[in-house]
Amino acid sequence: MSNPEGDSPASEILLRLYIAGSSATSRRAESSLLDLQRAVGPKCRVEIVDVLASPELAERAGVLATPTLSYDNPDRPRRVIGDLSDAKRVLEFLGIEAKEKPHDL
Amino acid sequence: MNSNSDPSSAAADGAPPPLAGGGDQAEIRFLVEKNADGIIVVDEDGIVLLANPATAQIFGRPPASLIGSPVGIPLVAGETTEIVIHRPGGDQVNAEIRVVDANWGGRPARLASLRDISARKAVEERLRHAAKMEAVGRLTAGIAHDFNNLLTVVLGNLEHARRLNQDATLQTLLGNATRGAARAAELTERLLSFARRKPLEPKALDVNALVSTMSDLLRRTLGERVTIRVGLGADVWQVEADPAELEAAIVNLAVNARDAMPAGGEVTIETANVELDAAYASREAEVRPGPYVLISVADTGIGMSREALGQVFEPFFTTKADGRGTGLGLSQVYGFVKQSGGHVKLYSEPGIGTTAKIYLPKADAQGAAAQQSAPPTSDSQIPVSRSGETILVVEDDEDVRKYAASCLRQLNYAVLEAADVPSAIRILESNSEIRLLFSDFGLPGGMDGRDLANRARQIRDGVKVLITTAYPGGALVREGRLDRGVELLAKPFTFASLARRVRDLLDRQEPSSPRVLVVDDEALLRMVLIDSLVEEGFVAEEAANFEEAACKTRGFGDRLAAAIIDIGLPDRPGDELVSEIRALRPDLPIILATGYADEDLRRRFAADAQVEILAKPFDPRSLVAKLRALGVRKAAGSSDPPLSTPRSARQEEGA
């Protein structure tokens, strides 16, 4: 995703979601990821990794279970596993500030 | 787990009640180690601090390798959440987790308990899948049903137009249109087959024989690059299934096998007797344990992913990229097998191949009695009416009714029409010449075609019934079988198929028992006579007076085998009835029952060898003996039950 607001790449936030196939759980996680992206704003970039299709990526990242949401902040990498539907809590754990208070949550 | 300061235990925030019964550190460790559920503690960065052996087992990794790994912070919005754990080697485990905030070594942490719910999930998934297939089936059946009605009208009118048309160009166009509509009809047929709504005609079937006769067909279908191996099991049981559909299912599986092997390969078809046990049945949705005949079709092709496997039976799902697949082949297999009370299972390994296994229930001994299949009728000629027989057409869809009626009229039948059951019954009651009822199955107003058929046979015994339907619901196709005595013509039907079925039915000799007319004004006496006649294998008809008897004699015509007449009838004497009958049937065996030893009567009928005088009172056995003496006996080889029910049964029905 580009940076339409012209933020520097350093401030870009990359959220990587590891899922397994197209199960209902995976689809829920994907939809939660998009909610998170909306909440964070344009500086948020998302990536989805299907561990069934690319097991080596999961292996390399040491992902043992899905869905796992990974925020690879060089200072303080963080991961959330399981339910991602509470965007406020998820962002809080990841240490990411929301663009505005996420509503409709 | 009751101390926040104890670094070896995790405890929830707040003040939990102390552990009942106390327990020292070693005992608490024992509980954690032996707990069946996984217990895992992670710090605020999601790094594993503690994992008990159950956790290690769920993750498929040694506990030591879990400590320090960045699993992540488990978040649970409600009470529990589900995650999928990926074991080394690719296995997956569904786990349910619960989380509480905790302190570990003085730092905030999270304590999660993990439970392996893979087995439960698998069962849920199968039930969900079965429900989905059922829903897709209902939708499919609904569409196919309405579509079939429309196709009946389209095909029918095209056919009619082709018969009337003399113009060659137009003939080509009409021919093309007919072919298109016929293909649409094939499509709806396959949809119905998936929806388990296709009327099946199950027969006792030797699967080995069927597979053997198919080898030529398969060789031609699969081409030279595919080697076919057939392994027939010894003494394979009979099954009860529709042979045409089973053949179609095997061809569909073989074609899939061929398409999975673009460079050629091997297809192995095997049969065997198997016993599906309760354990297997409990793992699979809709499977009953018991003896089955297994037909497996295995290929050495490209195989399928697990996700594709989950969808292969859905209509229009295909993995064939180049448009070769209709996505209906396996749907047919699925629908047919399920409707036949069987079970179908696909095993596939990408790069290795796919094996499809069809399990059909072993036929019970009775069902296995060889059934004769109807001789195929020649396609060359369309049979027409011989003597202008009358047919009643009952159909609520006006276009379909008009089409059916016009077809039958073109075949020289006399046609009466009704749009609903009440008018059909009125017509049946007032037209004794009706030989055949051609009725739609689905009719408005609470009675369906089958009910009408039953009613019609009550009003006019011996009337033939042909039911047409765009799809028969459960009532007609009971577990995939047609009810006895109901003949079925699937929509859309063509002019030729209607002509053949009608003629076939009208020409068929019912192997019925001899029909005896009992004429007596004493209801109780009639009842006794009828019951003993029915017991002896006769079909009894009754009349209480001269008028009724004369009417029934005319109505049954040649189908009457004998008459038992009381001399004293309320309206006219019984001996006059004999004369009346003689005018119609000069040689009908008649027993004249009389209360007086009337010599005059004997003399009058002495010249008629087919009249016997029987003096009252008589016992039923002597009556039957007299009938036999007159040459009236049960038809040889007649295995069908009598068409009419014993009187007592009829009374219960309120008829």
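Modeller: Let's start with Glu125(B), which counts as partly exposed because its relative accessibility is 39%, a value that falls between the 20% limit for buried and the 50% limit for exposed. Bear in mind that everything here comes from a predicted model. The partner of Glu125(B) is Arg128(B), and the closest N and O atoms of this salt bridge are 2.7 Å apart. Arg128(B) is partly exposed too, with a relative accessible area of 44%.

Is Arg16(A) buried or exposed? It has 19% relative accessibility, so it counts as buried; the cut-off is under 20%. Glu47(A), at 28% relative accessibility, is therefore classed as partly exposed.

Chain A also has a salt bridge inside a helix. Arg38(A) bridges to Asp35(A), with 2.5 Å between the closest N and O atoms. Both residues are in helix α1 (residues 24-40) of chain A, 3 residues apart, which is about one turn of the helix. What does the accessibility say about each of them? Arg38(A) has a relative accessible area of 55%, so it is exposed, while Asp35(A), at 30% relative accessibility, counts as partly exposed. The general idea behind pairs like these is simple: side chains of opposite charge can pair when their charged atoms come close.

How many salt bridges does a search of the whole structure find? Over all chains, the count is 28. And how many of them run across the interface of chain A and chain B? The rule finds 2 salt bridges there. In a salt bridge between the two chains, the side chains of Asp45(B) and Arg78(A) meet, with an N to O distance of 3.1 Å. On the side of chain A that touches chain B, the elements that give two or more residues are β3 (65-66), β5 (78-82) and α3 (87-94) of chain A. β5(A) supplies the largest share of that side, with 5 residues.

While we're at that interface, let's step back and take in the rest of it. There are 12 residue pairs in polar contact across the interface of chain A and chain B, counting pairs with both residues at pLDDT 80 or more. The contact draws on 22 residues from chain A and 23 residues from chain B. Together the two chains bury about 2000 Å² between them, and 54% of that is on carbon and sulfur atoms.

Asp37(B) is in the loop between α1 (25-34) and β2 (38-43) of chain B. Its relative accessibility is 19%, so Asp37(B) counts as buried. Which residues does Asp37(B) touch? Leaving out residues up to four places away in sequence, they are Asn52(B), Ala54(B), Leu114(B) and Arg115(B). With Arg115(B) there is also a polar contact of 2.7 Å between the side chains.

At 36% relative accessibility, Phe147(B) counts as partly exposed. Together with Leu139(B), Ile143(B) and Leu150(B), Phe147(B) makes a nonpolar surface patch of about 400 Å².

And chain B as a whole? Its accessible surface is about 31800 Å², 52% of it belonging to carbon and sulfur atoms. Of the 655 residues in chain B, 45% are buried. The secondary structure of the chain comes to 21 helices and 26 strands. Take the contacts in chain B between residues at least 6 apart in sequence: 67% of them join residues at least 24 apart.

Terms used
Residues numbered from 1 in each chain as written. Chains lettered and ligands numbered in written order. Predicted model: local features only at pLDDT ≥ 70, side-chain atom pairs only at ≥ 80, totals over all residues. Heavy atoms only, no water. Patch = residues over 30% accessible without salt bridge, like charges linked within 9 Å, V, L, I, M, F, W, Y side chains within 5 Å. Areas by Shrake-Rupley, 256 points an atom, 1.4 Å probe, with all protein chains shown as cover. Salt bridge = Lys/Arg side-chain N within 4 Å of Asp/Glu carboxyl O. Buried < 20%, exposed > 50% of the residue type's maximum accessible area, 1.4 Å probe, protein only. Contact = heavy atoms within 4.5 Å. Buried area = accessible area lost by both parts, 1.4 Å probe. Polar contact = N/O pair within 3.5 Å; in protein donor to acceptor, adjacent residues only side chain to side chain. Helix = DSSP H or I, 4+ residues; strand = E, 2+ residues; numbered from the N terminus.
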